[in-house]
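Could you walk me through how this chain packs together?

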Amino acid sequence: IGLRTDLPSDLAALSAMAATCQRCPLAEGRTHPVFGEGDPHARLMLIGEGPGAAEDASGRPFVGPAGQLLDKILSAMGLRREETYIGNVVKCRPPNNATPTPDQMQACYPYLQQQIALIQPEFIIALGMTAARALLGGAESVARMRGRFHKLGDIPVLVTYHPAALLRDPSRKRLVWEDVQRVMVRMKPPG
């Protein structure tokens, strides 16, 4: 993924641009845009669907119940949240936490594309179907896409269930653990 010349080439300026974005109707209902946060040189980037109520209120990604579960997953991986970069496909909360529409995702995708190009992660974990489809296209389910690496340019992308799905169906936690272990094995430093 290459840098876009029509967008700022640093995360702070890109975040400021996203904060005033009016590319789609989601901007009208937001309290705070949720650009993303973490290490700007992170080896691992996690991408979810979009902000929920807690995220819209705080302006930070994954701070509600799903975010608390994500923090536990990262801890089990031997990572702190601050060592990764966490973002979403859309930067503004869809009404009633609805799945973002294709138009909303398309309006926001340039920001995500630029974030990925600036951070240059070694690995991406797509959390849920919306993130998987935004990054990889297609219409396959998470169940069919998980368990193996896909490619976004040269970046390996692992698709797994969104933490919110695990809150609704805890039986999927084992599958997510299997998935993140694949990333852990490949992220280990040589030697």
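Where is Ala 126 found? It sits in strand 4, which spans residues 123-127. Keep in mind as we go that this is a predicted model.

Is Ala 126 buried or exposed? Its relative accessible area is 0%, and anything under 20% counts as buried, so Ala 126 is buried. As for what surrounds it, leave aside residues up to four places away in sequence, and Ala 126 touches Ile 47, Ala 131, Ala 132, Leu 135, Val 157, Leu 158, Val 159 and Thr 160.

How do the two helices lie relative to each other? The axes of helix 5 and helix 6 (residues 129-136) come within 11 Å and cross at roughly 75 degrees. Angles of 65 to 115 degrees count as roughly perpendicular, so that is the label for helix 5 against helix 6.

Helix 5 (102-119) turns up again when we look at helix 1: together with strand 3 (85-88), it is among the elements covering the buried residues of helix 1. Which residues of helix 1 are those? In this helix, residues 11-19, the buried ones are Leu 11, Leu 14 and Ala 18. They cover an arc of only 65 degrees around the axis, so they end up on the same side of helix 1.

One more helix pair to go. Helix 4 (residues 65-76) and helix 9 (residues 173-187) have axes that come within 10 Å and cross at roughly 45 degrees. Because of that angle, helix 4 is oblique to helix 9, and the crossing is right-handed. On the helix 4 side, Leu 69, Ile 73 and Ala 76 make the contact, meeting Lys 173, Val 176, Trp 177, Val 180 and Met 184 in helix 9. By class, this contact holds 7 nonpolar residues, no polar ones and 1 charged.

Definitions and conventions:
Residues are numbered from 1 along each chain as its sequence is written. This is a predicted model: local features need pLDDT of at least 70, side-chain atom pairs count only at pLDDT 80 or more; totals for chains, interfaces and linings use all residues. Side-chain values use heavy atoms; hydrogens and water are left out. Axes are lines fitted to C-alpha atoms, for helices over the stretch in contact, and angles run from 0 to 180 degrees between N-to-C directions. Helices (H or I, at least four residues) and strands (E, at least two) are DSSP runs, numbered from the N terminus. Angles under 35 degrees count as roughly parallel, over 145 as roughly antiparallel, 65 to 115 as roughly perpendicular and the rest as oblique. A crossing is left-handed if the near helix is turned anticlockwise from the far one by less than a right angle, and right-handed if clockwise. Contact means heavy atoms within 4.5 Å. Ala, Val, Leu, Ile, Met, Phe, Trp, Tyr, Cys and Pro count as nonpolar, Asp, Glu, Lys and Arg as charged, and the others, Gly among them, as polar. Buried means under 20% relative accessible area, exposed over 50%, partly exposed in between (1.4 Å probe, protein chains only). The arc is that of the directions from the helix axis to the C-beta atoms.
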